[in-house]
Amino acid sequence: MNHIKIRSLPDVVWDANMAFRKTNRPHDILVAEDDQDMRRLVTEVLTRSGYNVDAAHDGAAAWEILQLKSYHLLITDFDMPGMSGIELVRKARVSRMTLPIIMVSGTMPENEIKQNYSLRISATLFKPFGVEDLLKTVKEVLGATISASILEA
């Protein structure tokens, strides 16, 4: 008699995540940050962690880049001159871009995110944050995105 092993959903998702990571190229991340030092730090940390990272010096530049290339994740500062992070996210959502977004800020009131629920911001990072917080948040957001796409298939 053949025995069939029934696997739990977490096991299936875990195995699928591992298969995805082994067979696909690194995740592409766009960082939109007006502070040069912060932009450089975030870009360097993510690049050294194996991600492909592009950076934009403000929301308008990030919007131009988003129209040219697809990304797995957008990390954007909330408060930028010209086009704020919220305005950038609104444009992306109006254009039906479904990429996950991490909002970064030292000034953003928490109720701003709650008021803009339709923007589907995946996570927030409040400045100052540590390298560990950045990497953990990126990993969690990308992991949740992979799991969701597997469950939809």
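The chain comprises 6 helices and 5 strands, which follow one another from the N terminus in the order α-β-α-β-α-β-α-β-α-β-α. The model is a predicted one. Of the 153 residues in the chain, 42% are buried, and the accessible surface amounts to about 9400 Å², with 53% of it belonging to carbon and sulfur atoms. Among contacts between residues at least 6 apart in sequence, 64% join residues at least 24 apart.

Side chains of opposite charge can pair when their charged atoms come close, and a search of the whole structure finds 6 salt bridges. One of these joins the side chains of glutamate 33 and lysine 127, with an N to O distance of 3.3 Å. Because glutamate 33 lies in the loop between strand E1 (28-32) and helix H2 (36-48), and lysine 127 in the loop between strand E5 (123-126) and helix H6 (131-152), this pair ties together parts that are 94 residues apart in sequence. Lysine 127 also meets aspartate 77 in a salt bridge, at 3.4 Å from N to O; since aspartate 77 belongs to strand E3 (residues 73-77), the pair ties together parts 50 residues apart in sequence.

Lysine 136 is exposed at 52% relative accessibility, while glutamate 140, at 47%, is partly exposed.

Conventions
Residues numbered from 1 in each chain as written. Predicted model: local features only at pLDDT ≥ 70, side-chain atom pairs only at ≥ 80, totals over all residues. Heavy atoms only, no water. Helix = DSSP H or I, 4+ residues; strand = E, 2+ residues; numbered from the N terminus. Buried < 20%, exposed > 50% of the residue type's maximum accessible area, 1.4 Å probe, protein only. Contact = heavy atoms within 4.5 Å. Areas by Shrake-Rupley, 256 points an atom, 1.4 Å probe, with all protein chains shown as cover. Salt bridge = Lys/Arg side-chain N within 4 Å of Asp/Glu carboxyl O.
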